[in-house]
Amino acid sequence: MADPISYWPLLGVGVVVAGFAMRRNPVLVVVTAGVVSGLASGKPVPELLALLGGAFVENRLLLLLLLTFPVIGLLERHGLRERARAWIGGFRGLTLARFLTTYLGLRQLLGMVGLTQVAGHVQTVRPLVAPMSEAAAARSLAPKGDDEVAPPQLRDDEKHDVRAMAAATDNVGLFFGEDVFIAFGAVLLIQGFYARNGIELEPLSIALWALPTAIFAFAIHATRLWLMQRRMRRARAATEVKRAEG
Amino acid sequence: MLKVEHLYLVVGAFLLATAWMNLRARRASMAAFWAILALPFLAGDAILAALAAGRAWPAQAMGVGVLALGVLAARNPLRPSTDSIEIVAAREHSAATLGNRLFLPALAIPALTLVLYFGGRHVAIGGTTLLDAKAVTLTALGLASLVALAIALRTTRATPLAAIGEGRRLLDALGWAVMLPMVLATLGSVFAATGVGDAIAAIASAVIPVDNRMACLLAFALGMVGFTMIMGNAFAAFPVMMAGIGLPLLVHRHGADPAILGAIGMLTGYCGTLLTPMAANFNIVPAVLLELPDPYGVIRKQVATALALMVVNVGLMAVLVFR
């Protein structure tokens, strides 16, 4: 190698780790890290500013998602989340684990055919999947065999748990489905890297090797969903016994 | 043809409208935040064109804007919005009257994205295709959202202005979290330009016992997870770890199968994505969107899945790559 490697830019990584550990505002932490890393590498200020600005503009594709905000906001204002909750609450025998496992599988299959933008936190999780999960969780906690009684209300901590799991399930389904799709960026990135280094590979041969992990991801996360539901039921049963005794 | 640039202009206009509404509500620093964020969407092409032509000042001005966004983000902490009893009652009432008709526009977004994704590339008007070939899914999503908005306006009989107001409510609730992915991607570019990746790869290859193939494999896997957590993105970690460990040590020295190593190695990095606040759009944004009290609430739910999958991936690679 011609240049000796400079370790000073690693200061930027230190800023990121320290900033997140101290729970400072993430945007400020990230911007500071960029400035520190740039200055530590000896870049002059005007060049660093142009680098920051140019890179910021180049990454604006990430915010195209904002186009969904007016329609989602409008529908929410007119009761979309309430309706989603009521609709799912009407299905007897639908439990939290069954509902989220179905969503996980669906999300993986959609990702495998390249449809990653079809679902997501703004498009589906907040308006539909999270309220539906809450309704399914309430139904899972209802006494067995008694469909006439209205399902119990979720406590706040239970609601937060269920919502966080809904978002986590969306992530797991997305990450471990999309890689099986041959036109997906990751597969092309891998193929491109090898091609530049003199190793020619077919995209399909890379994509197929993502299948074993995809299957394990489904099995592991589905098991965790089932465990979560069992834990919630037991916690409920424990508090009810306490209440009956007290 | 619908270019992604056209959709950028719509996003920019929406951000400006949000800034204007905040200004009228006397929230000046929030207004400034959204106004600066509108710049890359309204003037992005001009900035990049000037930079390519050797005029750096518009990009430098944007760089100053990025610094300002950092300061303004810290000055506008997220405030959970609580709806008044009247609004909650109005929502319940409208949910009861509109019923399942509310699902139509919501499901139109994914359904139309799907149709446009498959159909859009075949529809050509005057020799040009309907969607931008550079970003088919995202232009499909953008177009689908606009059509869904039209359907939603019909269903709810609301005015377009009301829709922008509701979009603004959502945008204000998300606050700085909405643009965190964009600054993180920017940081990735800065790290790449300043040689952070090379430095980490140099350290990694200096400390591992190169003759032991399992040690190399473990270093590669843990490096993928760790570096993905730092960068927030497995795409950034992959070339670094491949160039540092994967290619010279595993493929060339120990004869690992490149296709399997690449595919499962990338997925090992994804386990890191599940664990880091740096992957903001997956881990922090939903925590804000779902009004969780803990910003790391989504990550906490992912830890067990991520660690179990990491072990599975290392096992799969150990069995499959050295055949």
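Predicted model: local features only at pLDDT ≥ 70, side-chain atom pairs only at ≥ 80, totals over all residues.
**Entry 1: A:Tyr194**

I started at A:Tyr194 and listed what it touches, leaving out residues up to four places away in sequence.

**Entry 2: the core**

Next I looked up the largest nonpolar core, which has 180 residues. Which residues have the most contacts inside it? I found A:Tyr194 again, along with A:Phe176, B:Met179 and B:Leu261.

**Entry 3: where A meets B**

I turned to the interface between the two chains. I have 112 residues of chain A in contact with 141 residues of chain B. The buried area between them comes out at about 11,200 Å², and carbon and sulfur atoms give 79% of that. On the chain A side, I see A:Phe56, A:Arg60 and A:Trp209 losing the most area to chain B, and together they make up 8% of what that side buries.

Then the polar side of things. I get 21 residue pairs in polar contact across the interface, both residues at pLDDT 80 or more. Helix H8 of chain A, residues 156–178, gives the most to the side that touches chain B, with 13 residues. The salt bridge count between chain A and chain B is five. I looked at one of them, A:Asp161 with B:Lys301, and its closest N and O atoms are 3.3 Å apart.

**Entry 4: domains of chain A**

I checked how chain A is divided: domain 1 runs 8–58 and domain 2 runs 64–245. Taken over C-alpha atoms, their centres are separated by 34 Å.

**Entry 5: B:Phe227**

Last stop was B:Phe227, which I placed in helix H10 of chain B, residues 213–231. Is B:Phe227 buried or exposed? Its relative accessible area is 4%, so I call it buried, the cut-off being under 20%.

What is B:Phe227 in contact with, neighbours within four places in sequence aside? I listed B:Gly197, B:Ile200, B:Ala236, B:Ala237, B:Val240 and B:Met241. I took B:Val240 from that list and checked its spacing: B:Phe227 and B:Val240 are 13 residues apart in sequence, and C-alpha to C-alpha they are 8.8 Å apart in space.

Note on methods. Residues numbered from 1 in each chain as written. Chains lettered and ligands numbered in written order. Heavy atoms only, no water. Core = buried A, V, L, I, M, F, W, Y, C linked by side-chain atoms within 4.5 Å. Buried < 20%, exposed > 50% of the residue type's maximum accessible area, 1.4 Å probe, protein only. Contact = heavy atoms within 4.5 Å. Domains from an automatic or database assignment. Buried area = accessible area lost by both parts, 1.4 Å probe. Salt bridge = Lys/Arg side-chain N within 4 Å of Asp/Glu carboxyl O. Polar contact = N/O pair within 3.5 Å; in protein donor to acceptor, adjacent residues only side chain to side chain. Helix = DSSP H or I, 4+ residues; strand = E, 2+ residues; numbered from the N terminus.
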